[in-house]
Amino acid sequence: MPFIASALCYIISLQAIYLSLRTTLTGSYIPLDHQGYTSTVYHLPNDPTRVCKSFNQAFRNDLYPVEKAVYERFTAHGPPPSILAYYGPHPSLLASLILDYAEQGNLWNYLGERDSLNTPPPNATLLLRWARQATEALAFAHDLDIFNGDIHPSNLFLDGALNLKVGDWAGASIEGSLSRSSYRPRYRLVDAEGRDVPSTEGVTVRTEIFALGSALYFLVTGKEVWGEIEGGEEIRRLFAGGEFPRTDGLLVLGEVVERCWMGGFGSMEEVRQVIGEEEGRMGLRVQDG
Ligand SMILES: *[C@@H]1O[C@H](CO)[C@@H](O)[C@H](O)[C@H]1NC(C)=O
């Protein structure tokens, strides 16, 4: 637990404290299924629109410098609003970044909670806007030779007006550097022989687009790819055989998701354009909030 941080900041997440305690107990392994495992997010006093993201001790030397370097490179190139806004390192807290507060949390929790509350899913307009915003941010990063390395709904944040912002760049690969995190099982490209591509070839345009496909599948359906199947081995076998859930019944983006999984896009920019065309075709493009 960052002791000084707790004195200076208001804690917003009890779960994050629990997870940061666990971090110190279990060492440097990074279980990416737990948000808040590598860092703790605090509200800044008297600043309701921004937060500080403090890296837990075990991750201060590897993950923190990566995320800081990514945000600095973004800032130098005029990032689009679909990248979570960055305000520099905290002036006094160790290994802490000041970022915009994503009022509506992340897509993982947002869609999960809606599901349990039995509220209707987001409409086609909103889904296409989110998909466009996600690919806009990722294409911008790719242009700067930055791969996110952990594309997942829990790293896609929503502001108060439900605009999507891509955050969590701590596991990014910069100019071919080794990614310190990497995608979760249902987001990992597997080759026809069943080999895990991010492990053998690193994080690339191809692995990013594959992961995006699974994230868009979740975005549209509110469900994980092969969510009913437990084992990572079985999922890998299905992916190796080119077996994916059907996408022809999806409200939007069915073809885009399938093309992401099948290697049908050459760049993130191309994905962004195709999503933009789908938005245009449906006449649904609305002004961002
Ligand atoms: C879609 O949902 C958004 C957000 O809830 C709402 O503002 C918008 O009016 C809806 N659009 C349509 C076409 O129903």
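Me: Let's start with N123. Buried or exposed?
Reply: N123 counts as exposed, because it has 11 C-beta neighbours inside 10 Å. The cut-off for exposed is 12 or fewer. Keep in mind that this is a predicted model.

Me: Where is N123 found?
Reply: N123 is in the loop between α4 (107–116) and α5 (124–143).

Me: OK, zoom out. How many helices and strands does the protein have?
Reply: It has 10 helices and 9 strands. The protein has 289 residues, and 42% of them count as buried.

Me: What share of the contacts comes from residues 24 or more positions apart?
Reply: 69%, counting the contacts in the protein with a separation of 6 or more.

Me: Now the helices. At what angle do α7 and α9 pack?
Reply: About 150 degrees, with the axes 7 Å apart. Helix α7 covers residues 205–221 and helix α9 covers residues 254–262. The two are therefore roughly antiparallel to each other.

Me: Left-handed or right-handed crossing?
Reply: The crossing of α7 and α9 is left-handed.

Me: Which residues make the contact?
Reply: From α7, they are I209, F210, L212, G213, L216 and Y217. From α9, they are V256, V257, C260 and W261.

Me: How many of those are nonpolar, polar and charged?
Reply: The contact of α7 with α9 has 9 nonpolar residues, 1 polar and no charged.

Me: Switching to R186. Why is it called buried?
Reply: R186 is buried because 20 other C-beta atoms lie within 10 Å. The cut-off for buried is 20 or more. R186 is in the loop between β9 (173–174) and α6 (197–201).

Me: What is R186 in contact with?
Reply: Leaving aside neighbours within four places in sequence, R186 is in contact with S214, E224, V225, W226 and I235. As for A211, R186 is 25 residues from it in sequence and 7.9 Å from it in space, C-alpha to C-alpha.

Me: On to strands. How do β4 and β5 pair?
Reply: In the antiparallel sense, over 2 bridges. Strand β4 is residues 86–89 and strand β5 is residues 96–100. Y86 stands opposite L99 in β5, and P89 stands opposite L97 in β5.

Me: And which way do β3 and β5 run, parallel or antiparallel?
Reply: Antiparallel, with 5 bridges joining them. Strand β3 is residues 47–55. C52 stands opposite I98 in β5.

Me: Back to β4 and β5. How many residues lie between the strands in their hairpin?
Reply: There are 6 residues between the strands. A95, in this hairpin, takes a positive phi near 45 degrees.

Me: Where does N46 lie?
Reply: In the loop between β2 (39–44) and β3.

Me: So, buried or exposed for N46 and for A95?
Reply: N46 is exposed, because 6 other C-beta atoms lie within 10 Å. A95 is buried, with 22 other C-beta atoms within 10 Å.

Notes. Residues are numbered from 1 along each chain as its sequence is written. This is a predicted model: local features need pLDDT of at least 70, side-chain atom pairs count only at pLDDT 80 or more; totals for chains, interfaces and linings use all residues. Two strands pair if DSSP finds at least two bridges between them. Helices (H or I, at least four residues) and strands (E, at least two) are DSSP runs, numbered from the N terminus. Axes are lines fitted to C-alpha atoms, for helices over the stretch in contact, and angles run from 0 to 180 degrees between N-to-C directions. Angles under 35 degrees count as roughly parallel, over 145 as roughly antiparallel, 65 to 115 as roughly perpendicular and the rest as oblique. A crossing is left-handed if the near helix is turned anticlockwise from the far one by less than a right angle, and right-handed if clockwise. Two residues are in contact if their C-beta atoms, placed from the backbone, lie within 7 Å. Ala, Val, Leu, Ile, Met, Phe, Trp, Tyr, Cys and Pro count as nonpolar, Asp, Glu, Lys and Arg as charged, and the others, Gly among them, as polar.
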